[in-house]
Amino acid sequence: MFSGKPMKPTFKCYLPPVQTDVKKTIEPPIKKLEPKLLPGEIVVNEVNFVRKCISAESSQDDLWGKLICTNFKVSFIPQDAPPKQKSQLSHLLLGAHDIPLTCLEQVVTVNDTKGKKKVLGSNQKLKFNPTELILYCKDLRIIRFCFDEAGPESAKKVCLAIAHYSHPADLHLLFGFEYQGRRYHESKEGRVNGSTPRGGLQTPIFDRSSDWDREIKRTGASEWRVCSINENYDISPSLPEQIVVPVSLADQDLKLYSSFFTGNRIPLWCWNHPGGSALVRMASISDPLQQKKIEQRVFTAITKSHPQRSDVFRSDLDKCLPNIQDIQSAFVKVRQICVIDPFEESEERWLSSIENTRWLEHVRAFLKHSAEIVYHLDGKNASVILQEEEDRDLNCVVSSLVQLMLDPHYRSLIGFQSLVQKEWVKAGHRFLDRCNHLKKNYKEESPLFILFLDCVWQMMNQYPAAFEFTETYLTVLSDSMWIPLFSTFLFNSPKQRAQHLMDFAKNKAIPPGEDQVVYFPPVWDWSQQFSTKDQTLFNNPMYIGKGAACVQNGEVKTFKRTKQKNYSSTLRGTSASMRNGVKGADETLPRRGSLVSELKPDFSPVKDESPSERFFRDWFSRPADQQGLLIPLLIPSHVALWRLFFLRWVPEACIPKGGPVTAYHKLSQLVDEIDILQSQLRQYKGPSPGSMPLPSPGGPLSDQRRMYFKASSPNDPPTPPDFLTSSFPFTPMGNLCRRSIHGTPISKFLNGARIWLSTETLANDTV
Amino acid sequence: MSSDGLIPNETVQDMAQDVTYFCPFTGALRGTVMITNYRLFFKSMDREPAFVLDLPLGVVSRVEKIGSASSRGDVSYGLVCKDMRNLRFSHKQMEDTLRKSIFEVLIKFAFPVSNGLQIFAFEYGQVFPENGWKVYDAVSEYKRQGIPNESWRITKINDHYEMCDTYPSTLAVPVNIPDEELKRVAAFRAKGRIPVLSWIHPESQATVTRCSQPMVGVNGKRSKEDEKYLQSIMDVNAQSHKLFIFDARPSVNAAANKMKGGGYESEDAYQNAELVFLDIHNIHVMRESLRKLKDVVYPNIEDSHWLSNLESTHWLEHIKLILAGALRIADKVESGKTSVVVHCSDGWDRTAQLTSLAMLMLDGYYRTIRGFEVLLEKEWLSFGHRFQLRIGHGDKNHTDADRSPVFIQFIDCVWQLTRQFPAAFEFNEYFLVTILDHLYSCLFGTFLCNSEQQRLKEEIPKRTVSLWSYINSQLEEFTNPLYVNYSNHVLFPVVSLRHLELWVGYYIRWNPRMRPQEPVHQRYKELLAKRAELQKRVDELQREVTNRSASSSSERAGSPTRSITPVQTFV
């Protein structure tokens, strides 16, 4: 193949090109305009003297360099690389100026002098020489290149190549299939014989029955069993090979029933409540004649598996939640407002514009519906069936949200990953279509998984100590969808995955019996993308969970506002008011006298309370147990825009030396101190007292530390570090370059004040 | 606290059984009402545990009797409160027509000023370890800023409030302007509020000065002394040859003021000065905006159209304009090293908002608890923000056009800053809420009266307790554990609706579905305790090791003992 051929030296650089090898490319960069290539990656086209636009206002910060299109990415290699920003997340496989081809949403070429613009697709012609190339990315970046000094023909060729290669004709042409094969063979020597199982991956990926067995045991689902009728995907291509079903249903019956369900998807057990209620998901039954009968059998079986034999509650998600097109169109709109429209323009009516996108409304709808399901499972101890036409979209969101609310296990990092694996990957969510990696059918594209991550963020925002991972983790996970190197997001169904990986293993001469986790790893092997140090950005210092800092004697210590002195009398008015004026907040159902009906409307009518409202109000009146049931606050005022995700690239929205990260910074430092003290204690206690080793003052080795930010030291700067911005660990610099925005940065803050703009000469502004 | 739950000098005025409180969230509750000279106390045993409503009468803005002609003979009273809630009660029609309803008693004590009574703050006699009236001393605050220096002096011209009765007695002015000339400047500035120093940059010496509008009038009157005065404010800052005058008003309003004799500085008359209008609306617009906001958030938020409803109140837009103005001032002073003059019409509402917010951005001292108290005492209280008029303490005239939430808006802006810079403030959200609660409660003397002169005349510091006495006696409650005291950290917030948000912890706090907690802070405190505990154990073990090695080395004299590295401690 191509990569075997050594590359020619370019006219810019007469040194022999570096051999492409991951290990070597990670070494400190040698200053020359050579792309860092991954194993199997080849340069398709390139053009020199390209200007990458950094700021919309002036070209003074723009970077000059070479634009390259490979079979994996668009890469820009700046002539003079600016000093890398400290503490910025650095990707092991992608440089700061790289964009994977699968991450491209739209490739737009512009000719300024002719006033022409064209969105490029695959195999297209371009009748003008582009002066500009704008890349709209799926991770919401907008990157702009100018060709004013570049050779017009080569510029055009690179643009066409980018457009062409970002529209792969077939799934197996995605770069992951090339890369992972090479990587497997190249790193083979590095791997010790019989090394750790699954390549050290701790996340259960639910491809074998032991993973399901463990889950059944963990949740105490004794009336449920692992059934293997779908082995070799004999029954349904979109179901996993192992399915958990009620013990009372025999394989024979299940096989019989399966043909009536859409996609042959027999009901799928998700989770069991300690009280015995079960969460089950299922597709609809196409044949109306059989529907009642089969449903009856399934429901009976589920009821039998409940210790109290309680009735099953069915929730038809198609009827009460937005569909995938609604979600897609909301996302397109919210993206438009957040990153594409000029900052000023969207500032004008920001709140109503955000409302009009309906994104937050959808987020809230999914959370709300999931909370309703929680009420049935927990409040009523009833088993629930989530029903959806195909059981592969909305059910994924709701079933995973319900489990996140009910089961603290899924709020740990490993637990969360196993949840995605179980309810999305193995349950047959069509990642390939929904991500539209092949850019074939736009009707099928829908950011359902991002919607789910946003819902998780809302919960995390409300319960910051309940999750082991951070919003950085969620954001990085969403970005990983657009890097086609991991098996997680590439396929539509478990069967498709199995087939492709089997063919892949055959083609790449991977020995049979090798674990697919090793030869084509899922995204959960984060060491593929990030250094150990950078991975610590995933750790939430506030997390209360296994091994977290504050659990003493099995009890979570909580600190209530205590009054030190006896000034309580003065406080009384205020403390009561802080508690909603409700001292005993644990109200019961109100007695309703006839007086109520006489109330004038302006003095707050009292409405009837449903049992589920009652359940929620009761729950909210008690302090939340971060390791117990968590219900999100669903007042519209408490559902917020996920700023890190939507605004991280927007330079105008970036708070210098501010944002939630400043609190994260402080918390991480404190937790690092705690870790150091704990390791010192271990060192004291560890070996026999006679030979007590001396504690090392530095604490654990720096690469073993859990926290990204180390304990503070007297050498710390007296001012907050510059890299702490609200976008941390991402940088808006050069990642969002919309066209034609005028004015000085300071003027942007102040768009409401039009009048003074005329009286003041902005040119005189000293900024 | 006494056993009956009353605070010092609080006396029960009336009690009534069988009163119904209509809780907008959970329904009607039957219970007992007690009215004292300080509060309304409602308790219902309908629920387990008992439901309690404890309301300082100062928050009551108006009491309305609603429909006495009901078939069952019930009388209802609606209480509209200044703190974003309405309460409704009802009780049976009095059989004894001579007997007053308990709510008539409430009206008397809720509006003491209108009823010839004393505001409760004058009776409250709680003694605190710290005397909050000592928190602010003008001379020491100027000294902290390095004033007097070669360019600025302290003048005693207003010692007896003769030049300006709404200004403090201690003022800082440019050295080269003698007192005689100050008087002539005063004649040209509305209410005699001449430009005086609020803050000086420790390095560049660029200053923030505040004043009222110039009395330009329709004929474009000029004052040589005023022009010279502004010139000298510019001259004492060697770093810049320019002076920025920030007029907080929209230019149209500023121009309209000419009809009333006021106006703004013309750039012809003031050489080297540049005039900027900040477009902040007047007190009436702000009052209307908050009224709309209350409609949107209380008692319940509609499930749909939340954001557009919020937008239609324009509340966040006003917050944005105020913060944007303050940011421009801070940016001019910090990045441009240029001195600025700030005024609106009278210089006690929008001007106070702008100077104090700019100072918060510029000077980390004001972001400490005590520093913030000093900032309020200085920029708001001593410079005559008319708290009595704007809040209407004890006054039943709820439609008074002078009432306006200017100060609430300022505290909201501060909260917005704490959201964007969670580690930059020593105080927490509870501190800000407490200040607003006691803005209305009339328990403390801090926010009484309209000016320093009035406060002195009423002997407020002698006769009442300061809010800072209460707060500073239990600082722990009000401290932000995440606070990092970085020096020279100037805050440049992003003044965009993308980051501004509704302060739910204040405006929506009555909603029981809203959890009043600061989980991050709480968690941080838990972690601090954990660290302290571990540190203690490590220290103990350390001592043990030291002792053991000391004894073992004495036993085995001569054998080299390893020296003990002290355990690194982090404080």
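This is a predicted model: local features need pLDDT of at least 70, side-chain atom pairs count only at pLDDT 80 or more; totals for chains, interfaces and linings use all residues.
Trainee: At what angle do helix α6 and helix α8 of chain B pack?

Mentor: Helix α6 (residues 283-297) and helix α8 (residues 315-334) of chain B pack at about 140°, with their axes 9 Å apart, and α6(B) and α8(B) are therefore oblique to each other. In their contact, V285(B), M286(B), S289(B), L290(B) and L293(B) of α6(B) meet W315(B), H318(B) and I322(B) of α8(B), where contact means heavy atoms within 4.5 Å. By class, the contact of α6(B) with α8(B) has six nonpolar, two polar and no charged residues.

Trainee: Is S346(A) buried or exposed?

Mentor: Buried means under 20% relative accessible area, exposed over 50%, and partly exposed in between, with a 1.4 Å probe and protein chains only. S346(A), which lies in helix α9 (residues 343-348) of chain A, is buried at a relative accessible area of 5%. Leaving aside neighbours within four places in sequence, S346(A) is in contact with I337(A), D341(A) and R498(B).

Trainee: Which residues does R513(B) touch?

Mentor: Not counting residues up to four places away in sequence, R513(B) touches F616(A), F620(A), L633(A) and I635(A). R513(B) sits in the loop between α18 (504-507) and α19 (519-555) of chain B, and is partly exposed, with a relative accessible area of 25%.

Conventions: Residues are numbered from 1 along each chain as its sequence is written. Chains are lettered from A and ligands numbered from 1 in the order in which they are written. Side-chain values use heavy atoms; hydrogens and water are left out. Axes are lines fitted to C-alpha atoms, for helices over the stretch in contact, and angles run from 0 to 180 degrees between N-to-C directions. Helices (H or I, at least four residues) and strands (E, at least two) are DSSP runs, numbered from the N terminus. Angles under 35 degrees count as roughly parallel, over 145 as roughly antiparallel, 65 to 115 as roughly perpendicular and the rest as oblique. Ala, Val, Leu, Ile, Met, Phe, Trp, Tyr, Cys and Pro count as nonpolar, Asp, Glu, Lys and Arg as charged, and the others, Gly among them, as polar.
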